[in-house]
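Please open the structure in the viewer and keep the sequence at hand.

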There are 2 protein chains.
Amino acid sequence: MLDTQPVKRRRGRPPKHLQGFSETRQSLLDAGVEILTEKGFSAAGLDEILKRVNVPKGSFYHYFDSKGAFGLALIQHYDSFFEHKLNAFLQDSQLAPLDRIKGFVRDAIQGMAKYEYQRGCLVGNLGQEMGSLPEPYRASLLMVLQSWQQKFEVCLEEARAAAEIPIHSNSKQLAFIFWIGWEGAVLRAKLEQSPQPLQSFADYFFDSLRC
Amino acid sequence: MLDTQPVKRRRGRPPKHLQGFSETRQSLLDAGVEILTEKGFSAAGLDEILKRVNVPKGSFYHYFDSKGAFGLALIQHYDSFFEHKLNAFLQDSQLAPLDRIKGFVRDAIQGMAKYEYQRGCLVGNLGQEMGSLPEPYRASLLMVLQSWQQKFEVCLEEARAAAEIPIHSNSKQLAFIFWIGWEGAVLRAKLEQSPQPLQSFADYFFDSLRC
């Protein structure tokens, strides 16, 4: 649905009937993330997103310069939600480092169950569709994944310092592996409509940390 | 692109200008798999597939009853190609069981490089898009994955019997984990346009087999 063709932006302020510019913009981002985590980019129609938040089609360009800009804003929006969640779990110094990661895993499993395994990871969905997405998305998605990984690496380094995992463990590499497998597990959980793939991959990962 | 709405099939034989019914049908399946592994279902247009094999739009229903039936045929077509490949590697009794799996991994890495990391796994792509696909696809995709896993399980059982992996190893569970992580690695390789995620996940998996 989202291309990067330049679109001439309508000048001036939004029409009077558009109450609360930033609230509407926020609602568009929320609806966009919701729909994209279920269907992926290509299947998600801009019309469907606009309809969900009652924004007339003609008003879209008051909120975003182009469909491409909206797509990149959706990635940022999802990322900021997710970074906030990761920080809350991984920086909780009340818990031992590995328990923080386990807390994140539990929460993610509950999150997928809550939406009946219909919603996956926006970054995973878009990565899968790279063949039909323009290049700026690729760079953006990679930066997002690298940032999540980096948070895991820091937490795993703390686990290493606390002797929760062996001293020879490569935290950077383990964080990379976690995110490769976790995206695969989210995909499989959607397909099986079950928490089993998430739980099995997490158990396997935690077991492997002892070696 | 692919719905399951019933479409009234045109009766009678294909027009005379359609030479070689089964060859054209095969070409449609080949082109469909090519395009879908790059873009996913939703972004792939039927027009693009027809155009690639020079089939006029009006003739499509001579080859497939409906778009939905074409979608399911594409899954079967990809599966039969892939099962053939898996059998060739995993049943090669000239090699030790783990070397057969390593051979498959090497071949898959070369395959992704050959198409410059544009093409992923059809099953992974479709799984990611489950939110916009009709239910029969889900059952079909799961059966395909379970069949691939079962072939891995048999090979891992042989590795266990040959003492290549510890006697307490759970081959069924390990095959499940491999396919969870491998689909994640294919996705990440597309995003990074690099073999690294595939190689890293495979190395990690083989290392874990020793524990």
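Begin by selecting Ser169(B), which sits in the loop between α7 (135-161) and α8 (171-192) of chain B; helices are DSSP runs of H or I with at least four residues, numbered from the N terminus. This is a predicted model, in which local features need pLDDT of at least 70 and side-chain atom pairs count only at pLDDT 80 or more, while totals for chains, interfaces and linings use all residues. Residues are numbered from 1 along each chain as its sequence is written, chains are lettered from A in the order in which they are written, and side-chain values use heavy atoms, without hydrogens and water.

Is Ser169(B) buried or exposed? Ser169(B) counts as buried because its relative accessibility is 12%, the cut-off for buried being under 20% relative accessible area (1.4 Å probe, protein chains only). Next, display Pro166(B): its backbone oxygen lies 2.7 Å from a polar atom of the Ser169(B) side chain.

Now show both chains. The contact takes 42 residues from chain B and 42 residues from chain A. Together the chains bury about 3800 Å², 65% of it on carbon and sulfur atoms; this is the accessible area (1.4 Å probe) lost on putting the two parts together, summed over both. Select Gln128(B), Leu191(B) and Tyr204(B), which supply 21% of the area that chain B buries against chain A, more than any other three residues.

Technical notes: Helix = DSSP H or I, 4+ residues; strand = E, 2+ residues; numbered from the N terminus. Buried < 20%, exposed > 50% of the residue type's maximum accessible area, 1.4 Å probe, protein only. Polar contact = N/O pair within 3.5 Å; in protein donor to acceptor, adjacent residues only side chain to side chain. Contact = heavy atoms within 4.5 Å.
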